[in-house]
Amino acid sequence: MSEVHGGRQPVSCTVKPPVYLQIGESKAEPVQSGVCVVDVPLPFGKPVSVEEITFKNYYTAYVTVRLLRRPSGQDGPTKWVTALRDLPLMDNPHTERGSQDYFSIHRKQMLVEADHVVSVRLILRQPSSAWLTFSLEEIKIFPHTEPEPLKEVSDWLSDLILVDQLPDVEGLPDPHTVSSSIQQMWALTEVMQTNQTTASIGRFDVDGCYDINLLSLT
Amino acid sequence: MADKEKRRSAALPSGMSSGKVVKSDSDREFLEQAGVGDLLRGAILKMVEARSDDPIGFLADHFCNLASVTDSGTAGCGDEDQQQQSAGLAGAGAHEQQRLNRALWHLRLAHHSQRSAFSNNVRVAYDLLNLNGCLSQASENPEGPDGSLLVVPPDAEGSGGVKGGLYMQTLECLCSEGGVPASTSAPLLRRLCCQDHEAVPYDVFRHGVLTCAVFSDYIRQAQRLYAEVCCPDEGPASRALCSAVLGTLKEALETSQDCDANCFVNANTKSSACLEANAKAIRYLEASAKISPHKLAQVMAGAQTSGPGGNMDAKEFENAAADLFIARVKVVS
């Protein structure tokens, strides 16, 4: 059964502000390293199976996705794994192409199973000196949803099954006999309908066609 | 058989009872020539199909029909003599009536639910009523021997079709024999109507006959339903109750009709025939859920408290039920 993609909701989480890593000991002259880390912690206590991560690029050349997983229940140990390493977002870090595109990373593209994820870390790299400021915008993480069962069938089918109590039928005709009569009438009408023929008597046909000469005479 | 062989071989050497040998031979030959085996086989098959209560009467009718078929086959085609034309005029009307009666007899043999038997009978009845081969031979002068023009379209396949008037008479008889009053069947016959001068092809004939047969069953069922719905002591049934009950039938019909409307066969849907069939099955299940006893009990209980006041008599109920059916009959054109 195919999953329903429309109407899915991203996990509500707050994206932490990007942290630009800097080279150099002293705080006086920070040198941009071209690496930035964005952490997206998922809601506490609810590990998520990640279906998809979408974002809008802003001049990031490469992105690495790391996941913090807690595979064994509530208080088990967590482990960082790399889901994607150096995914190129821009063809050429110096040029514009892909610099402001929308991207989507599906769980199938990841190197590991994105289950029981507690936190997501995106490591952005932009080696070009042309773009000193770079980031990702509109980061959304979509959880893996179970496919919805067919509502139509189960709706009225459960009506049939949940016959706990027939409503009070005093003074009313027996529903079983009435129902069986109606069912027969319904079946008879269906028989008639399925045996309808598309054959016509050709009432308005003139020799089977509408000859222009004949039409002009009438 | 073996006995006969033995007797024959025993008789030959003795030479004494040569007369007897000739007789038993000629008996068998005679039976074979007359085709009696086929005749009797046909009669027994017909009887098994029809399962009538009166086997002797049935067999008598059957052989009577066969006899008149062979009679008219030889008489009709040779009827071109001037002297016989005036007699033919009067005789043709009675002749037509006779054909109609025979066709109706065939149509009565099997119930429409016995699919193959019913179809066979419809075919036989159609061929009976469609004796154009003989008529066209006889009508070399435009007036025709029996006065009524049979307009055969020039490019008709086979022999054109059954006369519209005969077709309508067949349908009227079917309806009235099925217990449907004329006023109830009138709207149905209007939908299936064919003009007297039109030639009705087999498919249209079959559709009309089947519809009338099903309709008479439907009306009988509706009459039974009314008897169930109205409490016998209290006179006519309440209008609210009747409307509610017929409303469930209408809903069920509309639900299953959706699938007919949606599932048109064209090149695109051929590949998804399986899906189509599934959708249709689900629609049918859904429709049947609307007329389950549980649902009906709910609807009837609801009708008790709310709904139009007053009573509905049997005739009105029957007409309302008939409307539901007739609305779904395709108009012949």
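## A tour from one threonine to the interface

Select A:T54 to begin: this residue sits in strand 3 of chain A, residues 50-58. The model is predicted, so local features need pLDDT of at least 70 and side-chain atom pairs count only at pLDDT 80 or more, while totals for chains, interfaces and linings use all residues. Residues are numbered from 1 along each chain as its sequence is written, chains are lettered from A and ligands numbered from 1 in the order in which they are written, and side-chain values use heavy atoms, with hydrogens and water left out.

**Stop 1: around A:T54**

Is A:T54 buried or exposed? A:T54 counts as buried because its relative accessibility is 16%. Buried means under 20% relative accessible area, exposed over 50%, and partly exposed in between, with a 1.4 Å probe and protein chains only.

Now show its contacts (heavy atoms within 4.5 Å). Leaving out residues up to four places away in sequence, A:T54 touches A:F103, A:S104, A:E138, A:I139, A:K140 and A:F142.

**Stop 2: all of chain A**

Colour chain A by secondary structure. You will find eight strands and three helices. Along the sequence, the pattern is β-β-β-β-β-β-β-β-α-α-α. Chain A has 218 residues, and 34% of them count as buried. Take the contacts in chain A between residues at least 6 apart in sequence: 75% of these join residues at least 24 apart.

**Stop 3: where chain B meets chain A**

Select both chains. Here 59 residues of chain B are in contact with 43 residues of chain A. The buried area is about 4400 Å², with 69% from carbon and sulfur atoms. Buried area is the accessible area (1.4 Å probe) that two parts lose on being put together, summed over both.

Next, pick B:Q221, B:H294 and B:S333. In chain B, these lose the most area to chain A, together 13% of what that side buries.

Helix 10 of chain B gives the largest share, 14 residues.

Note on methods: Helix = DSSP H or I, 4+ residues; strand = E, 2+ residues; numbered from the N terminus.
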